Structures are given as structure tokens and as C-alpha cells.
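Subject: The two-chain model, with some notes

Hi,

Here is the structure I said I would pass on. Have a look around first, then read my notes below.

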Amino acid sequence: MAGNGGELKEYRQKILTALINNRDICELVLNRSVPVITADIQDELTNNHIFKYAFVPNVQDDEKTFIAFEINGRTSNNTNLYKNISLSFFIFSHANVIKHKTGHLRTDLIDECVQDLFNENNDFGVGLMYCTEDSYLKVSNEYYGRQLTFKVKDMNVSRC
Amino acid sequence: MTPINWDLYNARINVSGSTARERVINKVKDTISRYGSDSISCKDIKIDGVSKKLFITNTSDPYVKNFQDTEKIITSAGTLIEYADNQWLVEKLDVDDEVYPTGKLRFCNHTLNFLDSSYRPTSRPCYVENTSYGTDETGISISKVNITTGAGTYRIILPYDAQTALFDRTYADTNQNQRIMLLKKSYEITDVDFITQPGCVIITAEECERSADDNVELGIADYNRVKTTSALPRCEITYSGEPVLEYGKAAKTFTAKFYDLDGNLLETTPVWNLVMTNQSLLEFVASATEVNDIYLRVTDKRLIGEVIRIEVENEDVSVKNALEIGVVAIGG
């Protein structure tokens, strides 16, 4: 729980930490085996594959898989005591690497991992966080993926 | 009748001194200690970084001050004092300190860079004056006609210590003339005087040609005269990426590497020490060591924005190094 906008940096910290500490996500994004998650692996992921803002790749970028997320808030409810926070995840891969060795789409597998991490998660705001939207995403002619939206309530004001 | 206790009586009447002279001296000292701090001459100074009080009075020359050391904090001439955001050299110290020592401070208008006995760069604040024209002790021209004594002749007054005591006209090993640099110009030492002003070293130097061994950037003459200068034992701290710890990430590895005089890697066990301005915050830094590595991980967001200083040394503390690392939010 935060308030007065302090939840933004808290949520970004928690989400990015959760993503780069999940071995399945690390392997799916990097497209290789990751026996142990080291600081070097996390450095490779952060700001190269996983972004804590709504990142859009340039056409010149390598053929990679990306996860980006953004936070929307400040939608007050009737009592003004709480506000509704929504978290949007943008999971997309270059068409050349989107197919996983299992035959599934890489972005679908990451979508599943992200939902495992955050659906019904109680680390954010007040109560549980729920996935409210899971839709397709077309970033450009070569990048496709999934967009996930989670919603949770948080305090509208500081706790003290 | 109770007999008079003469011992107690004597002790009472002699409490400020056994003679009138002693009593006068002690009364002056007592008055100074009681009311001295109210004087506008009572200044805040620092000696070796420690704050002290010293009575400083002006003279006709703004670069020279007189001082009265009522607390006897100055033990010898040549002491460097930090006063009014500048370094001052105790040029003279009166040996008569019956009431309090007095002396003269000289403004240090320059910092002389040179190599110490281990050929490492060092420096000393000093007073430099141009003596190309004849002057008397007070800096007034002796003659109305300027007498040129050389092209750029300078007199440098330095504090006497183990390193400045090594200044001489020639180097002991090669018998070459010793040289110094002042503002990118090279000067040959023509005289070194340890006698005239006890506690100080007075160097006289004349301008000379710059040598290929001079390091103009560091302002050190004959910097490359001894080729072993750059081959001192040293320690490096290596790491990947930036010198930062991101809260939320796995432990980051910092490696200490020790090298000998010839640049060979040594098998030395490092001794690590972590320092923070607020040492209590160190409980939020998880650390583990293995051979030459230290692994550091931040465990609490309260450390974001703080700086952790990693100090490392070998077991006999002859080689050490330090690195300051910032703590930032993940992805920062």
C-alpha cells in the first residue's frame, strides 16, 4: 500500500524484481537455458529485454523478446479512500523468434508465467490483484504478442 | 584552642602561585581562559583536521599574521594550520612560552607537488616568493635599482617533515640536480636551507629547461626519472557493468586483484570492509566472500540513494584500495 503516487516506484520495483528473478521468464526471454540467475543475467535482461516502462523497439533492434509494463492509476472510487490501479504488461517477440521449441508461441508461455506471478497476488495495494484483460498485441509488422491488464485497489492517500 | 593548620593556610594563600610573579602569570592565564573566547581575535582553526582555537592578529602584510597560542596547541614551527579556508604555515614560534607561545603565520600561496621517497606523488602547501629582484626580509626592495639575480628565481618555504627533509641540490643516486615545478615551469634547486628557520625548509630554485621526464599535468618535475614509479604494488577492484547495486537483483560480484612491483598477479587473500555514512544501514547489505570475491546484495529499499564504500587490503595492510558504489532502484 502506498498513496500520493508513491505506489508507482514501489510497483515498478516489485514487478521488475519479480520478473527478473523468475527462471522460466529469464529462459523464455533470453531464448536459452539459464541454470542459475546471476546478477549478470539480470543485467542482460534489465533495459535490454525487460523494461519498467512502455518500451517500443526500433526497427533496427535485434530480433528479441521483450516484456514492458506500465501503471495507470488515480481513478478515484466514490469514497475517494481508494483508487483503482491497473497494470499493463506488453509481451512481444520478433516474428523470427516467437516460436518456442515446444511448438507453442513464446509470448503465450510468458503470458502464462506473468499470470502465475501476478494473478491473485496480494503484494500490491489492498486485497488481491486480478487479471482483467488478456488480449493480442501487434506492435509493428514484425513484433507480435500479448497484452495483460491487472487491476488492484490501493489507498488514495498516504497512510499517515 | 585548636592549633593553626599552617600547611592548609600556606596552600590557600599560594593557590595562584608561590611568588608574586607566578601569581601575575597565572592570573593572566586565568583571565585569558575565562574571557579569551569573547575576543574577536579568537579564531577557529584546524590542525590535522581537528578544530582548535587560536588568537590571530593582523599585521601590515595581509599574508602574515601574528598568533598567541594560549592553549599551547602548536608544538613546533612548520606546523600547517587551516584558517579562513586557506593553509597557513607556522613560520616562527617563540621559544619563550612562559605565559603562552607566540609566533608568526605565513599564508601558503601555493602547493608544491613532488615525489616522496617511494616515488609516489605527494604535495605540501608552501609559501613561494619571487626573489629575482633583491628584497630584504620584509619584502621591500633593498635598492631602488632592481637587481636581477636570475631569470625567475624563487624562494619556497615548506614545512619540515620526513619527505621535505629529502630536498637537496642533487639526487643522491645520480648526482643530477634536483628540480621542482611551479605552475608548469621547471626550476632547478640551487639551495636548500634547514637552519635559518627551524621547522621549515627554505628552497631556492632557478628557472631551467623543462625535461621529458617532467609531468606537467601533475606539476611534478622529474616524475619519470625513476622508471619504477608506475610499478608499485597495487590492488584493483573489478566488477561488471556500473559501480552500482540495484535493489531487487541478485548478488553482484566484486573481485580484488593484487599485483606486485612487476605487475604480476599475486595470490593474496583480501580483507574486505564495508563502510556507510550510517553504519546501521549495513544490516541491509547481504555479503559473502569467497577467495578474492565479495558478493553484495541489497535487501531493503531504504538503501536506495545511499553509497556503500568497499575497502579492501591485503593481510599486512601494505596495499589497499577502495570503491564507492551507489544503491539504486532496479532498472535504474
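Contact here means that heavy atoms lie within 4.5 Å of each other. By that rule, the contact between the two chains takes 16 residues from chain A and 14 residues from chain B. Do keep in mind that this is a predicted model.

Let's stay with the interface for a moment. The size of an interface is often given as the accessible area lost when the parts come together. For chain A and chain B, that comes to about 1,000 Å², with 47% of it on carbon and sulfur atoms. How many salt bridges are there between chain A and chain B? The count is 2. One to look up in the viewer is between the side chains of A:Asp43 and B:Lys249, where N and O are 2.7 Å apart.

Now chain A by itself. You'll find 4 helices and 5 strands in chain A. Starting at the N terminus, the order of its elements is α-α-α-β-β-β-α-β-β. Chain A has 160 residues, and 48% of them are buried. Its accessible surface is about 8,200 Å², and carbon and sulfur atoms hold 47% of that. If you take the contacts in chain A with a separation of 6 or more, 58% are between residues 24 or more positions apart.

Are they buried or exposed? The cut-off for buried is under 20% relative accessible area. A:Ser86 has 11% relative accessibility, so A:Ser86 counts as buried. A:Leu87 is at 0%, so A:Leu87 counts as buried too.

What do they touch, leaving out residues up to four places away in sequence? A:Ser86 is in contact with A:Glu70, A:Ile71, A:Asn72, A:Thr149, A:Phe150 and A:Lys151. For A:Leu87, the contacts include A:Tyr11, A:Ile15, A:Met129 and A:Leu148. A:Glu70, A:Ile71, A:Thr149 and A:Phe150 are also among the residues that A:Leu87 touches. A:Leu87 and A:Asn72 are 15 residues apart in sequence, with 6.4 Å between their C-alpha atoms.

On to chain B. It has an open sheet of 6 antiparallel strands, in the order β7-β8-β9-β12-β11-β10. Its edge strands are β7 (110-115) and β10 (179-182), each pairing on one side only. From one strand to the next, the twist averages 45 degrees.

Strands of a sheet pair through backbone hydrogen bonds, either parallel or antiparallel. With β14(B), residues 244-247, β21(B) runs parallel over 4 bridges, and B:Glu246 has B:Val328 as its bridge partner. With β20(B), residues 307-313, β21(B) pairs in the antiparallel sense over 7 bridges, and B:Ile308 faces B:Ile325 across that pairing. β20(B) and β21(B) form a hairpin with 6 residues between them. In the turn, B:Val317 has a positive phi of about 60 degrees.

Definitions and conventions. Residues numbered from 1 in each chain as written. Chains lettered and ligands numbered in written order. Predicted model: local features only at pLDDT ≥ 70, side-chain atom pairs only at ≥ 80, totals over all residues. Heavy atoms only, no water. Pairing = 2+ DSSP bridges. Helix = DSSP H or I, 4+ residues; strand = E, 2+ residues; numbered from the N terminus. Buried < 20%, exposed > 50% of the residue type's maximum accessible area, 1.4 Å probe, protein only. Areas by Shrake-Rupley, 256 points an atom, 1.4 Å probe, with all protein chains shown as cover. Axes fitted to C-alpha atoms, helices over the stretch in contact; angles between N-to-C directions. Buried area = accessible area lost by both parts, 1.4 Å probe. Salt bridge = Lys/Arg side-chain N within 4 Å of Asp/Glu carboxyl O.
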